[in-house]
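Please open the structure in your viewer and keep the selection tool at hand. The stops below say what to select next and what is to be found there.

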Amino acid sequence: MEQLTSLLITLAALLTLLPNVLHANQPVISHISKDVVASVGEDVQFNCTVENVGRMSVSWAKRSVVLSMRNILSLSDPRYTISETRDDDAGSATYSLKITKIEASDMGPYECQVIVSATDKITKKLNLSIKHPPIISEERTPKSKLVTEGQNLEVSCHATGFPQPTLWWKREDNAIMPAGGPILSGHILRIKEVHRLDRGAYYCVADNGVGQPDEHKVLIEVEFRPQIAVLRPKVAQVLAHVAELECSVQGYPAPAVFWYRNGAKLQSNSRYEISNTASSHETTTSVLRIASVSEPDFGDYYCNATNKLGHTDARLHLFQPVIPVPSSL
């Protein structure tokens, strides 16, 4: 009875040690290269060391594509080479995958695989990141933005690149930003209570130290109701001479400009000539020319400007100057 008990104890001890013995003979990936960051055109090498490799098949794969099996490549790209270094005494082997003159398409995860069975494998991964200059997304960054004066403006700029680019904004000709200073950091351009003077070209700039920074132009257009400026609200002219009344109009969209006299719209004819000349900064200069002034022409004229945001008028007065008559002696 004592002999049977001793045998059972010994058998139990052996069963306890059996998993450790079996595990000791299992292949183990003891080392894999760390994640790699490189530039296009450089050479890289990945190493994977497997303990207890025995006659197991070891491969490198990129995503679901198998690149090698032991020391044989499974693709024909001459930039790829595979080597196997075995240490029979230690029962280990190192599998090295080298890629020369790397390209942007080489970026991604690489996996060292030990094929244990048709349904089982041991794996470890590393990632290859490739530096590339910043590129601002044309699809996600607008070319222009329309806003009404007094509203808040927000424009986002998006860029790719590795390392992640730093983004900032500047104005055309390095003009001062609405919030002050030459630049605004961050990928979002924000302007509170936009003013017409804020209109113009803004540039999103992306830089990550690789290659040249990328720039993207965004045209900010500000809608505002018309405003009229009159340099000479009172114009004096004698009879039978030419008189010119002039007003300067600003507004966006560009206002329609008309002249009125006694509530009636004036048209170009033998007596009146109206010319509207557009210039920069959404300014239109309108001139009403009276060919030969007569008595009925004296009085008030109105320059009227209208766009979708409203209208405004400016009054101009044409009068006959009083010519003093010398007193007789």
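Two strands are said to pair if DSSP finds at least two bridges between them. Strands (E, at least two residues) and helices (H or I, at least four) are DSSP runs, numbered from the N terminus. The model is predicted: local features need pLDDT of at least 70, side-chain atom pairs count only at pLDDT 80 or more, and totals for chains, interfaces and linings use all residues. Residues are numbered from 1 along each chain as its sequence is written, and side-chain values use heavy atoms, with hydrogens and water left out.

**Stop 1: an open sheet**

Select residues 299-307, which form strand β26, together with residues 310-319, which form strand β27. These two strands pair in the antiparallel sense, over 9 bridges. Within this pairing, Y301 has L316 of β27 as its bridge partner.

Now extend the selection to the whole sheet. In which order do its strands lie? The order is β20-β27-β26-β22-β23, an open sheet of 5 strands with mixed pairing. At the edges stand β20 (234-236) and β23 (264-265); each has a single partner strand, so one side of each is left without a neighbour in the sheet. As background, strands of a sheet pair through backbone hydrogen bonds, either parallel or antiparallel.

**Stop 2**

Select residues 283-290, which are strand β25. For this stop, a residue is buried under 20% relative accessible area, exposed over 50%, and partly exposed in between (1.4 Å probe, protein chains only). By that scale, 6 of the 8 residues of β25 are buried, and the strand is mostly covered.

**Stop 3: the disulfides**

Select the cysteines. How many disulfides does the structure hold? There are 3, a disulfide being a pair of cysteine sulfur atoms within 2.5 Å. Such a link is a covalent bond between the sulfur atoms of two cysteines. Counted along the protein chain, the bonded cysteines follow the pattern 1-2, 3-4, 5-6.

Begin with C48 and C112, whose sulfur atoms are 2.0 Å apart. C48 lies in strand β3 (residues 44-51) and C112 in strand β10 (residues 108-115), so the pair ties together parts that are 64 residues apart in sequence. The torsion about their S-S bond is about -75°, and the disulfide is therefore left-handed. C48 is buried, with a relative accessible area of 0%, and C112 is buried with a relative accessible area of 0%.

Continue to C157 and C204, with sulfur atoms 2.0 Å apart. This pair links distant parts of the chain, 47 residues apart: C157 is in the loop between β13 (153-156) and β14 (159-162), and C204 is in strand β18 (residues 200-207). The link of C157 and C204 is left-handed, with -85° about the S-S bond. Both C157 and C204 are buried.

Finish with C247 and C303, whose sulfur atoms are 2.1 Å apart. C247 is in strand β21 and C303 in strand β26, 56 residues apart, and the pair links distant parts of the chain. Is this disulfide, of C247 and C303, left-handed or right-handed? The torsion about its S-S bond is about 50°, so the disulfide is right-handed. C247 is buried at a relative accessible area of 0%, and C303 is buried at 0%.

**Stop 4: S33**

Select S33, in the loop between β1 (28-32) and β2 (36-39). With a relative accessibility of 13%, S33 counts as buried. Contact means heavy atoms within 4.5 Å; leaving aside residues up to four places away in sequence, S33 touches Q45, F46, N47 and L126. Show the backbone nitrogen of N47 as well: a polar atom of the S33 side chain lies 2.8 Å from it.

**Stop 5: V66**

Select V66, which is located in strand β5 (residues 65-66). Its relative accessibility is 40%, and V66 counts as partly exposed. Not counting residues up to four places away in sequence, V66 touches S59, W60, A61 and S74. Lastly, select L219 too: V66 and L219 are 153 residues apart in sequence and 49 Å apart in space, C-alpha to C-alpha.

How values were computed:
A polar contact is a pair of N or O atoms within 3.5 Å; within protein, one must be able to donate a hydrogen and the other to accept it, and residues adjacent in sequence count only if both atoms are side-chain atoms.
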